[in-house]
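Here are a few exercises to work through with the model open beside you. Try each task before you read its solution.

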Amino acid sequence: MKKVGVLIAALLTSSLFAESFTYMEYIPVYKSEKLFRVITKRVPYQECWEEEVPVSQNGDSGTVGALIGGVAGGILGHQVGEGSGKTAATIGGAIVGTIVGKNLADEKPAPGYKIVKRCRTRYQETHERIIEYKNYARLDGQEIIKYSSTPLKQIKVRVTVEY
């Protein structure tokens with residue numbers, strides 16, 4: 001325990017009398033390396049155009065055609081038939097009219113066209129070259145490296161001396 005106390009006392013005493021000073025020094029550069037870095041940027045942009053596309057003209061016309069054909073066929077069948085055959089002629093006319101009306105409505109008319117705008121995302125790549133210099137100097141056996149935009153002749157360092 002006494003040794004620890006003596007050690008602490010010695011350290012406190014020496015720190016009370018310690019002094020230091022700082023000065024700036026310029027160290028000559030012995031080597032500068034040119035460094036290249038390429039940075040690639042991808043910038044998105046839209047490429048758009050107009051295109052003609054076919055459009056189907058029939059919607060529910062098959063159902064409407066079947067209804068109209070069924071009613072017309074029923075009316076014609078009712079007028080043609082006589083007696084007890086009148087009901088059968090009406091039902092038969094309605095069935096045949098429904099089939100004919102649906103088939104006529106489902107016939108594909110010439111397709112229409114409409115203009116549609118289409119777009120696609122593309123990327124433009126830009127390359128940027130950055131040139132910098134890695135400068136080497138040596139002070140008391142320690143290598144010092146400093147990066148700069150131009151080659152340096154010397155590097156400024158701060159030296160602190162404690163005694």
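**Exercise 1.** Find which residues form a nonpolar patch on the surface.

*Solution.* Step one: in this predicted model, the patch consists of Phe 21, Tyr 23 and Tyr 163. Patch residues have over 30% relative accessible area and no salt bridge, and nonpolar side chains (Val, Leu, Ile, Met, Phe, Trp, Tyr) are joined within 5 Å; a salt bridge is a side-chain nitrogen of Lys or Arg within 4 Å of a carboxyl oxygen of Asp or Glu. Step two: together the three have about 340 Å² of accessible area (Shrake-Rupley, 1.4 Å probe, only the protein chains shown as cover).

Residues are numbered from 1 along each chain as its sequence is written. Local features need pLDDT of at least 70, side-chain atom pairs count only at pLDDT 80 or more, totals for chains, interfaces and linings use all residues, and side-chain values use heavy atoms, without hydrogens and water.

**Exercise 2.** List the residues of the largest nonpolar core.

*Solution.* This core has 8 residues: Ile 27, Val 29, Ala 137, Leu 139, Ile 144, Ile 155, Val 157 and Val 159 (buried Ala, Val, Leu, Ile, Met, Phe, Trp, Tyr and Cys joined through side-chain atoms within 4.5 Å). Two or more residues come from each of S1, strand S2 (112-139) and strand S4 (154-162), and S4 gives the most, with 3.

Notes. Patch = residues over 30% accessible without salt bridge, like charges linked within 9 Å, V, L, I, M, F, W, Y side chains within 5 Å. Buried < 20%, exposed > 50% of the residue type's maximum accessible area, 1.4 Å probe, protein only. Helix = DSSP H or I, 4+ residues; strand = E, 2+ residues; numbered from the N terminus.
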